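Thanks for coming. I will take a few minutes to walk through one model, starting with a loop and ending with the overall fold.

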Amino acid sequence: MSQQNQGQVIPVSNALKLKMGSRFGGIDPSALAKAEAALKGLSDSFVKMDAARDRIRSDGYTAETAESLYFRAHDLKGLGSTYGYPLVTRIAGLLCRLIDDPATRLSAPLFLLDAHIDGIKAAVRGDIRDVDHPVGKALVEELERRVREYEA
């Protein structure tokens, strides 16, 4: 190439970017970081709930393992709606209701505990957030029916 054919790079100003803000579209990056941390918190709660169920399977359904599951369900009951999953809050609330009383906690059927845990996981995996969703509604109605039968 000769010296005459060399190109010159001219930086173009991005006036639109200056007017609109960063690539976050005006969203505060610290707010985005908080939201990501919150989702990680919800994910951590799922991991802890699975660990509580695994402990029940490995160590047996004891007062200690049942209490651990209750605390994990209670965490998800509080976190579900906060992170946009009212269905998770509802199912976790039913699980809490099922095992709320330490005096009767150990009589709760394990298959019903598993159904609640699996329902919570399915709701998140399927992005079924609301109780009004047809699948979410059917799931909650069935779990409520089973809990009522157990309580009777």
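**A loop, two helix contacts and a few residues**

Let me start at Asp 127, which sits in the loop that joins α5, residues 110-125, to α6, residues 134-151. Please keep in mind throughout that this is a predicted model. The phi angle of Asp 127 is near 55°, a positive value, and the residue is not a glycine. As a general point, most residues other than glycine have a negative phi. Asp 127 is partly exposed, because its relative accessible area is 44%, which lies between the limits of 20% and 50%.

Now to the helices on either side of that loop. How do α5 and α6 run relative to each other, roughly parallel or roughly antiparallel? Their axes come within 11 Å and cross at roughly 160°. An angle over 145 degrees counts as roughly antiparallel, so that is what α5 is to α6. The crossing of α5 past α6 is left-handed. On the α5 side the contact is made by Phe 111, Leu 112, Ala 115, His 116 and Gly 119, and on the α6 side by Leu 139, Leu 143, Arg 146, Val 147 and Tyr 150. By class, the residues of this contact are 7 nonpolar, 2 polar and 1 charged.

Helix α6 also packs against α4, residues 86-99, at an angle of about 10° and with the axes 10 Å apart. That angle is under 35 degrees, so α4 is roughly parallel to α6. From α4, the residues in the contact are Leu 87, Arg 90, Ile 91, Leu 94, Arg 97 and Leu 98. From α6, they include Leu 139, Leu 143, Glu 144 and Val 147. Here the classes come to 9 nonpolar, 1 polar and 5 charged residues.

Beyond its neighbours within four places in sequence, Glu 144 is in contact with Arg 90 and Leu 94.

At 22% relative accessibility, Asp 114 counts as partly exposed. Which residues does Asp 114 touch, if we do not count those up to four places away in sequence? They are Arg 53 and Arg 57. The C-alpha atom of Asp 114 is also 9.7 Å from that of Leu 95, a residue 19 positions away along the chain.

Next, the aromatics. The structure holds 1 aromatic pair. The pair is formed by Tyr 70 and Phe 71, whose ring centres are 6.0 Å apart and whose planes are at 55°, so the pair is tilted. Tyr 70 is buried, at a relative accessible area of 13%, while Phe 71 is partly exposed at 39%.

Last, the overall picture. The protein has 6 helices and 0 strands, and along the sequence the pattern reads α-α-α-α-α-α. The chain has 152 residues, of which 30% count as buried. Taking the contacts with a separation of 6 or more, 68% are between residues 24 or more positions apart.

That is the end of the tour, and I am happy to go back to any part of it.

Conventions. Residues are numbered from 1 along each chain as its sequence is written. This is a predicted model: local features need pLDDT of at least 70, side-chain atom pairs count only at pLDDT 80 or more; totals for chains, interfaces and linings use all residues. Side-chain values use heavy atoms; hydrogens and water are left out. Helices (H or I, at least four residues) and strands (E, at least two) are DSSP runs, numbered from the N terminus. Buried means under 20% relative accessible area, exposed over 50%, partly exposed in between (1.4 Å probe, protein chains only). Axes are lines fitted to C-alpha atoms, for helices over the stretch in contact, and angles run from 0 to 180 degrees between N-to-C directions. Angles under 35 degrees count as roughly parallel, over 145 as roughly antiparallel, 65 to 115 as roughly perpendicular and the rest as oblique. Contact means heavy atoms within 4.5 Å. Ala, Val, Leu, Ile, Met, Phe, Trp, Tyr, Cys and Pro count as nonpolar, Asp, Glu, Lys and Arg as charged, and the others, Gly among them, as polar. A crossing is left-handed if the near helix is turned anticlockwise from the far one by less than a right angle, and right-handed if clockwise. Rings of Phe, Tyr and Trp (its six-membered ring) pair if their centres lie within 6.5 Å; planes under 30 degrees apart count as stacked, over 60 as edge-to-face and the rest as tilted.
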